[in-house]
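Let's walk through this model together, one neighbourhood at a time.

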Amino acid sequence: MAKMWEGRFKKCVDGVVNDFNSSVSFDMRMYKWDITGSIAHAKMLAKVGIISEEERDIIVNELKNILSDIESGELVIDMNAEDIHMFVEEVLTKRVGSVGKKLHTARSRNDQVALDIRLYLKEEIDNIVSLVRECAEVVTDIAEENLESVMPGYTHLQRAQPVTFAHYIMAYAHMFSRDISRLRDTKERMNFSPLGAGALATTTYDIDREFTAKELGFYGVTKNSIDSVSDRDFVLELASDIALLMMHLSRMSEEIILFSSWEFKYIELDDAYATGSSIMPQKKNPDIAELVRGKAGRVIGDMTGLFAMMKGLPLAYNKDMQEDKEAIFDAIDNVKMCLKTFIPMLKTMTVIKENMLSAAKKGFINATDVADYLVKKGMPFRDAYKATGNLVKYCIDKGVVLEELTLGEFKSVTDSFEDDVYEAIDLMTCLKGRKVIGGPNPDTVKTDIEEVRKELERYE
């Protein structure tokens, strides 16, 4: 296939070089936005008198036909084309003749691709936000059903203090809410049109950049033409947002894997979202969670690759920047695929409340409350901390838990203990006493759920 730029060259491009240089195999997914941008550009060219209204109509109508033909399958994108921009322009020219050759006036592929990728990513951000919001809503539903499902909270993966499963899982709802906020912020910053920047120094034609920006739904135009074509901050920022989101999904996956194991058995995954073993008939493997955990590393690699690609590039556009698409497309594809599988896995998951409660009754997770009890009786905290530590050591030696000690055994450490100690260290008392904002008190968590749901509604 002849190249539109080959006039300056004495030789045809080597076939291997052509294959190496081509990006159509992956940038073809931007066909809709390439055509959308071209339609806006044609309208602008007619508005400022560079082409006639008749030529505009011919170009715009045929571009719409090309879009329809691609989507119906009637027109197949040629994998021998250099890129999606050249493919669309070549098809247009074949169909309408020399009028089609006027479309690229006052435009470069540099500002064209910068436009296409922004339009494409804006749409994908909306798709990802919708999925993350759904995931967060599922989490809040699970939380509401488990406001009094007592479980151990952990630090260092050691039983630490009593919480509820509602309080525990709401931590992820807040992570996902922040993910949505970041994604929306990224979309806000990328919502400016680079079209009209040309190759790097705009054009001598009297074009109307604001017109095309408005046509395409942007807030306005980018303000420096060199930055317009060489900026990929918005790609890196989105890759970072997705990597953070995948990290959150990975952390949650890790806990699903742990909590569904026989060692914990706090949850049971639905059979439709688990797999078996080829040799061990008893196995029920949390493969979805494991794959999400693994794909998080892949997406983090996409982000790292983008930063490494951009870090040494001089201004303005360089061919290296073609590498931005495969990485960001891969990150987008994987986070969407993970969310679409992760959400129904969460929805169908069974919470085994009795196992959580049984674990909460072990491990001295109310030891801090014993110390707090003594402080409320007038003892300095460090003395109370030491006295409680001695009680725990005594319990470990006897193979009992704090609730099983007699009052005499409590008093052997300090006379500050009274009969009310048993009520004070009851797990539900410990939970309900933590009324501080952000704590595990069921009423506090219920309020938190309501506030997060209102926040999620604003993202619709």
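Let's begin with the cysteines. If a disulfide is a pair of cysteine sulfur atoms within 2.5 Å, the count here comes to zero. Cys338 shows why: its sulfur is 11 Å from the closest cysteine sulfur, in Cys135, which is too far for a bond. Cys430 is in no disulfide either, and its nearest cysteine sulfur, in Cys395, is 14 Å away. Cys338 is buried, with a relative accessible area of 4%, and Cys430 is buried at 2%. Here buried means under 20% relative accessible area, exposed means over 50%, and partly exposed lies in between (1.4 Å probe, protein chains only).

A word on what you are looking at: this is a predicted model, in which local features need pLDDT of at least 70 and side-chain atom pairs count only at pLDDT 80 or more, while totals for chains, interfaces and linings use all residues. Residues are numbered from 1 along each chain as its sequence is written, and side-chain values use heavy atoms, with hydrogens and water left out.

Now to the interior. A nonpolar core is a set of buried Ala, Val, Leu, Ile, Met, Phe, Trp, Tyr and Cys residues joined through side-chain atoms within 4.5 Å. The largest such core has 90 residues, and Leu121, Phe176 and Leu346 touch the most other members. Helix α6 (residues 109-144) gives the most to this core, with 17 residues. Helices (H or I, at least four residues) and strands (E, at least two) are DSSP runs, numbered from the N terminus. Leaving aside residues up to four places away in sequence, Leu346 is in contact (heavy atoms within 4.5 Å) with Cys135, Val138, Val139, Ile142, Met252 and Ile256. A second, separate core has 28 residues, including Tyr31, Met44, Ile51 and Val60.

Next, a helix pair. Two packed helices are described by the angle between their axes and the distance between the axes. The axes of α3 (residues 31-47) and α4 (residues 53-72) come within 9 Å and cross at roughly 175°. Axes are lines fitted to C-alpha atoms, for helices over the stretch in contact, and angles run from 0 to 180 degrees between N-to-C directions. Among the contact residues are Tyr31, Ile35 and Ile39 of α3 and Val60, Leu63 and Leu67 of α4.

Two glutamates are worth a visit. Glu409 is found in helix α16 (residues 407-411) and is buried, with a relative accessible area of 15%. Its side chain makes a polar contact of 2.9 Å with that of Lys398; such a contact is a pair of N or O atoms within 3.5 Å, where within protein one must be able to donate a hydrogen and the other to accept it, and residues adjacent in sequence count only if both atoms are side-chain atoms. Glu403 lies in the loop between α15 (381-398) and α16 and is partly exposed at 29%. The side chain of Glu403 has a polar contact of 3.3 Å with the side chain of Asn366.

Finally, the backbone. The peptide bond from Leu315 to Ala316 is cis, with omega near 5°, and Ala316 sits in the loop between α11 (287-310) and α12 (323-347). Ala106, although not a glycine, has a positive phi of about 65°.
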